[in-house]
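Biologist: Please show me the model, and then we can go through its packing.

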Amino acid sequence: MTLQERVNEIFAKHNINYDCVHNAQQVIITIIDGDWEHDHTFLKNVMGQNGFECVDENVTDSDCDCYDCEYTFQINY
């Protein structure tokens, strides 16, 4: 199974619909205006449970519970 297929399967299983870009070993997932718990924490937990480690976070400053972030996940084989 390719990285893209694995991520697509995870997204389908958990009804996740975020923009993502894949390369050989990593997937970059962008959440726009996502709630800290229902979007950001949920995504990190789901990806972690499926063998991915968050190796980078680019967070946009915000004064509320919703914010933008670009996450880079790397698969742990």
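Biologist: What covers the buried residues of α1?
Modeller: This is a predicted model, where local features need pLDDT of at least 70, side-chain atom pairs count only at pLDDT 80 or more, and totals for chains, interfaces and linings use all residues. Residues are numbered from 1 along each chain as its sequence is written, and side-chain values use heavy atoms, without hydrogens and water. Helices (H or I, at least four residues) and strands (E, at least two) are DSSP runs, numbered from the N terminus. By contact (heavy atoms within 4.5 Å), the cover of the buried residues of α1 includes β1 (19–22), β2, α2, β3 (52–59) and β4.

Biologist: Within what arc do the buried residues of α1 fall?
Modeller: Buried means under 20% relative accessible area, exposed over 50%, partly exposed in between (1.4 Å probe, protein chains only). In α1, Leu3, Val7, Ile10 and Phe11 are buried. They line one face of the helix, because the directions from the helix axis to their C-beta atoms fall within an arc of 100°.

Biologist: Which exposed residues does the face of α1 turned away from its buried side carry?
Modeller: On that face of α1 sit Ala12 and Lys13. Just after α1, Asn15 takes a positive phi of about 55°. The exposed residues asked for are Ala12 and Lys13.

Biologist: What kind of aromatic pair do Tyr71 and Phe73 form?
Modeller: Rings of Phe, Tyr and Trp (its six-membered ring) pair if their centres lie within 6.5 Å; planes under 30 degrees apart count as stacked, over 60 as edge-to-face and the rest as tilted. Tyr71 and Phe73 lie 6.0 Å centre to centre with 35° between the planes, so the pair is tilted.
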